[in-house]
Amino acid sequence: MAFRLLKSTLFLVFVIAISCGNRSGNKNQIQNSRIQNPKNPDSIPAFENRKLILGANRTEAYLPLLAGKRLAVVGNPSSLILKKELPNGEKTYVHLIDSLLSLNQNLVKVFSPEHGFRGTADAGEAIKDGKDPKTELPVISLYGTNKKPKPEQLEGIDILVFDIQDVGVRFYTYIATLHYVMQAAAEANIPVVILDRPNPNGSYVDGPVMEAAHTSFLGMHAGVPLVHGMTIGEYAKMMAEENWLKTDKKVDLTVIPMENYNHEMQYSLPVRPSPNLPNDQAVMLYPSLGLCEGTTLNAGRGTEMQFQILGSPYLPKDKYELSYTPAPNFGSKSPKFNGKLCNGLDLRTVSELHQVDLSFIINAYHDYTKKEDFFNTKNFTAHAGTAKLQKQIEAGASLEEIRTSWQSDTQDFLKIRSKYLLYE
């Protein structure tokens, strides 16, 4: 045991250097629930000169929990541990499962979410079970017809480790996968360990709130705004303690928190969290442009500018000056308007947002020459969490009126959220 702990300590490496601090917003906008330190707002800059340590890098905190256990990992390409950081800022990483195997942990199985364990599948594409070619570990898909681990798939497992990078948007499906993993683990009396990671959209809470009538895999929990402002570990605690797992058994949950993290912190992802979020700009715009999935607008799928542009052949060229033609590529085998010239907006230089910006969709609807085809109502409602938003846009409601309509529900959520925060 002493040797194992010594080895774990030697393996623990340092961290991801990031910049952080208070960021200013537009004082004239409708309240968007920017997160501030309720105890001492002036304490946030103290983090500026400190290194962020991810939960996955804190081996000294979680290896003792895994000792002598048969474990399974729920992960994908984002399940990375920082291995080395050079003086020039260059970083190298190792995958969590490679790290665990190198530390002689008894890893017996891998579960993978939407897009697969290696992250190459299209959004919504069914993923088959298989074997990881590098480690030869069996990989069980938790997407398609098998979103929840089956009892037989959990046989022979003593503990589950969940380590996936989320982006803080309600319809991003990794939270739904976590829900089902925790639910199945509770029913099978298997402990769950979550290695916490930053939320790159964690500085604010905003957007339409999920209604119970419209919950789905794109939003499992009523009362949650489109942008929830929580890390995946904080959200897991909320699911467990608010009885959102819909099981009579209580999950044995351990969150390995990060060190030196706060919700105002900027965080640049080292890899794509999913195929169509290629960079920080796409991740920042995703809360606003993700709603395009429920319309006929193309949000950059089939280009190398995913979730950084939007367009359609039915937008006027004089107002939408970007011209592009979607074509099948990595992450999008059949993009909207495949092979057709689109007129659009280039949003690659939009400055950092601290709210859900509906102006892109509202303006596009106003300018669309085929309004009757603009909304895919079922899918738009699933993403928005409410049927009200489409009706508001079609009725010509102003952006201010729409934003005002969700403020009361957002405040209710903030009261719940406050009980489960691990970080300022």
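Analyst: This is a predicted model, and in it seven strands form an open sheet with mixed pairing, in the order S5-S6-S4-S1-S7-S8-S11. Strand S5 (130-131) and strand S11 (253-256) are the edge strands, each pairing on one side only.

User: Which helices pack on the sheet, and what do they touch?
Analyst: Helix H2 (residues 59-66) packs on the sheet, where it touches S1, S7, S8 and S11, and its direction makes about 155° with that of S11. Helix H5 (residues 232-241) also packs on the sheet, touching S7, S8 and S11, with its direction at about 160° to that of S11.

User: S7 keeps coming up. Is it buried or exposed?
Analyst: Five of the five residues of strand S7 (residues 159-163) are buried, so the strand is largely enclosed by the rest of the structure. Both of its faces are covered, with Ile159, Val161 and Asp163 buried on one side and Leu160 and Phe162 buried on the other.

User: And which strands does S7 pair with?
Analyst: Strand S1 (residues 70-75) runs parallel to S7 and is joined to it by five bridges, with alanine 72 having leucine 160 as its bridge partner in S7. S7 also pairs in the parallel sense with strand S8 (residues 192-195), over three bridges, and there phenylalanine 162 has isoleucine 194 as its partner.

User: How does the chain get from S7 to S8?
Analyst: The chain crosses from S7 through helix H4 (residues 174-187) to S8, in a β-α-β crossover that is right-handed.

User: Switching to charges: how many salt bridges are there in the whole structure?
Analyst: A search of the whole structure finds 13 salt bridges. One of them joins the side chains of aspartate 158 and arginine 70, at 3.0 Å from N to O. That pair links distant parts of the chain, since aspartate 158 is in the loop between S6 and S7 while arginine 70 is in strand S1, 88 residues apart.

User: How exposed are those two?
Analyst: Aspartate 158 is partly exposed, with a relative accessible area of 26%, and arginine 70 is likewise partly exposed, at 37%.

Note on methods. Residues numbered from 1 in each chain as written. Predicted model: local features only at pLDDT ≥ 70, side-chain atom pairs only at ≥ 80, totals over all residues. Heavy atoms only, no water. Buried < 20%, exposed > 50% of the residue type's maximum accessible area, 1.4 Å probe, protein only. Helix = DSSP H or I, 4+ residues; strand = E, 2+ residues; numbered from the N terminus. Pairing = 2+ DSSP bridges. Right-handed = clockwise from strand over helix to strand, strands pointing away. Contact = heavy atoms within 4.5 Å. Axes fitted to C-alpha atoms, helices over the stretch in contact; angles between N-to-C directions. Salt bridge = Lys/Arg side-chain N within 4 Å of Asp/Glu carboxyl O.
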